[in-house]
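Subject: A structure for you

Hi there,

Here is the structure I promised to pass on.

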Amino acid sequence: MITVHHLNNSRSQRILWLLEELGLPYEIVRYQRDPKTMLAPKELRAVHPLGKSPVVVDGEVTVAESGAIIEYLVDRYGEGRLRPAPGTPERLRYSQFLHYAEGSAMPPLLLKLVFRRMESAPVPFFAKPVARMLARGAQKTFVDPQLALHLDYLEAEIGKTGWFAGDAFSAADIQMSFPLEAAASRGALTDAHPRLRDFLERIHARPAWKAALERGGDYDLVPKR
């Protein structure tokens with residue numbers, strides 16, 4: 001039985017979704033973020049030294065990092081599903097976006113989160129205006145332009161094929177879901193990104209996504225209607 005060490009409101013929701021798409025049985029070990037720091041609990045370090053989620057245990061195999069977990073599960077259990085055939089242009093796009101999601105898309109989103117928290121962080125009253133000015137200045141001059149650059153790029157790319165790896169849904173779309181959900185939750189997706197908004201609507205309509213959400217629970221990146 002595959003075990004997913006699952007942290008609420010985290011990337012591990014993608015792994016539950018992948019397992020539902022593959023129709024694989026799995027069990028969940030749940031962890032909750034600290035409500036003040038939003039960090040993972042120390043108990044996760046007993047599973048992996050970094051204390052991060054997701055971590056998947058499959059028999060004697062333990063795998064961390066979302067992209068590596070996706071590759072492992074699709075390689076071992078996919079039977080040709082959820083990835084393009086080797087040697088095709090679609091397979092190259094698949095590999096690109098599987099790694100792009102965390103390597104390029106997430107860093108500006110994390111910076112956005114950090115600087116937003118800086119604006120309201122507890123600091124001495126005399127330092128608050130300076131902290132707020134620095135946080136807003138960094139967002140305006142660097143973070144927001146970088147976010148716009150990436151989202152405009154993704155809007156153009158998904159317009160070419162309908163899905164990130166081609167004209168068929170793949171595990172690359174699962175991997176790309178988290179940065180786009182994070183962008184939407186932080187107000188970065190605008191009217192200039194109709195295809196990305198449509199992408200989120202389409203993945204959220206998938207039965208496997210809904211099943212994973214029901215099992216995982218407590219996922220604040222779900223769009224509120």
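Two strands count as paired if DSSP finds at least two bridges between them. Strands here are DSSP runs (E, at least two residues) and helices likewise (H or I, at least four), numbered from the N terminus. Please keep in mind that this is a predicted model, where local features need pLDDT of at least 70 and side-chain atom pairs count only at pLDDT 80 or more, while totals for chains, interfaces and linings use all residues. Residues are numbered from 1 along each chain as its sequence is written, and side-chain values use heavy atoms, with hydrogens and water left out.

First, the sheet. In S2, isoleucine 28 is the bridge partner of valine 4, and arginine 30 of S2 stands opposite histidine 6. In total, 6 bridges join S1 to strand S2 (residues 26-31), and the two run parallel. The open sheet has 4 strands in the order S2-S1-S3-S4, with mixed pairing. S2 and strand S4 (61-64) are at the edges with a single partner strand each, so one side of each has no neighbour in the sheet. On average, neighbouring strands are turned by 20° against each other, direction ignored.

Two helices pack on this sheet. H1 touches S1, S2 and strand S3 (55-58), and its direction makes about 150° with that of S1. Helix H2 (residues 66-77) touches S1, S3 and S4, at about 135° to the direction of S4. Contact means heavy atoms within 4.5 Å; axes are lines fitted to C-alpha atoms, for helices over the stretch in contact, and angles run from 0 to 180 degrees between N-to-C directions.

How many residues of strand S1 (residues 2-7) are buried? The count is 6 of 6, with buried meaning under 20% relative accessible area (1.4 Å probe, protein chains only). Ile2, Val4 and His6 lie on one side, and Thr3, His5 and Leu7 on the other.

Lastly, helix H1 (residues 12-22) packs against helix H7 (residues 207-216) at about 130°, with axes 8 Å apart. Among the residues making the contact are Leu16 and Trp17 of H1 and Trp209 and Leu213 of H7.

Best wishes

Conventions: Buried means under 20% relative accessible area, exposed over 50%, partly exposed in between (1.4 Å probe, protein chains only).
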